[in-house]
Amino acid sequence: HDWMRQHGQHISILGVSCDSFDEATNAACGRRSRAASRRTDARQHAQQFEHALRVREWCDEASIKYKLNSVVNTLNWQEDMNAGVARLDPFRWKVFQCLLLEGENAGVDALRDAAPFVVSDEQFASFVHRHSALSPVVEANSEMRSSYVLIDEQMRFLNCADGRKVPTASILDVGVWAAFAEAGFDADAFVRRGGVYDWARERPPAPE
């Protein structure tokens, strides 16, 4: 909270990831702090929501736009998150379909195996329909692979068009536009997934 008070003036948007308002589901997804895993009382079941709500309040204090991100997977696709999301009232709620990327969360060299969490298009559509009243920004797998611009620590764009992260030449070696030409970015998909929106910080009016 102290950090937000000190640096919040420099932040336009804060994105919070919350896949479920049920702590058992969060634990199974791997979204659980060490402190939460040690709790045994009933409050552990509300921890994720309480944390998200606390951050929401901090954002309000600092005039920061609050964005919520949720990944739909085999553990939460049947959940009804309407009441919780409505209370958090994010200016933008992004709903992602669990995506596999070779070497990232799939394959022999992957950091983790997300295959058990992948939902079908029908399951994803069911979740989206259940929450349609909240107008979530929906990102299915077909829209995500080529509609983001990712850069690694070596200043290389990561081309995900073929289902894995393929690095381009480094910006430091060939320049931005030559490297970007290899990135596989799909501008139309970027627009379709709602990539163009009002992200600017809402600053208070200047004194008269």
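A: Arg 56 is found in helix α4, which runs over residues 47-62. The model is a predicted one. With a relative accessible area of 14%, Arg 56 falls under the 20% limit and is therefore buried. Leaving aside neighbours within four places in sequence, Arg 56 is in contact with Tyr 66, Leu 88 and Asp 89. Pro 90 is 34 residues away from Arg 56 in sequence, yet the two C-alpha atoms are 8.2 Å apart in space.

Arg 92, in turn, lies over the face of Tyr 197, and here the distance to the ring centre is 3.7 Å.

The buried residues of helix α6 pack against β2 (65-72), β3 (92-97) and β4 (137-139). Helix α6 itself covers residues 121-130, and its buried residues are Phe 124, Phe 127 and Val 128. These three lie on the same side of α6, because they cover an arc of only 100 degrees around the axis. The face of α6 turned away from that buried side carries Glu 122 and His 129, which are exposed.

Aromatic residues also pair with one another. The structure holds seven aromatic pairs. In one of them, the rings of Phe 180 and Phe 185 have centres 5.8 Å apart and planes at 45 degrees, so this pair is tilted. Phe 185 also pairs with Phe 190: the ring centres are 5.8 Å apart and the planes stand at 55 degrees, so this pair is tilted as well. Ring pairs join Phe 157, Trp 177, Phe 180, Phe 185 and Phe 190 into a cluster. Phe 180 has a relative accessible area of 24% and is partly exposed. Phe 185, at 28%, counts as partly exposed, and Phe 190, at 24%, is also partly exposed.

The cysteines can be taken next. Cys 18 is buried, at 0% relative accessibility. Cys 98 is buried too, with a relative accessible area of 8%. The structure holds zero disulfides.

Last comes the chain as a whole. Its secondary structure comes to 10 helices and six strands; α4, the helix that holds Arg 56, spans residues 47-62. The protein chain has 208 residues, and buried residues make up 38% of them. Among contacts in the chain with a separation of 6 or more, 67% are between residues 24 or more positions apart. The accessible surface of the protein chain comes to about 12200 Å², and carbon and sulfur atoms account for 52% of that surface.

Methods:
Residues numbered from 1 in each chain as written. Predicted model: local features only at pLDDT ≥ 70, side-chain atom pairs only at ≥ 80, totals over all residues. Heavy atoms only, no water. Buried < 20%, exposed > 50% of the residue type's maximum accessible area, 1.4 Å probe, protein only. Helix = DSSP H or I, 4+ residues; strand = E, 2+ residues; numbered from the N terminus. Arc of directions from axis to C-beta. Contact = heavy atoms within 4.5 Å. Areas by Shrake-Rupley, 256 points an atom, 1.4 Å probe, with all protein chains shown as cover. Phe/Tyr/Trp six-rings, centres within 6.5 Å; stacked < 30°, edge-to-face > 60°. Lys NZ or Arg CZ within 6 Å of the ring centre and 35° of its normal. Disulfide = S-S within 2.5 Å.
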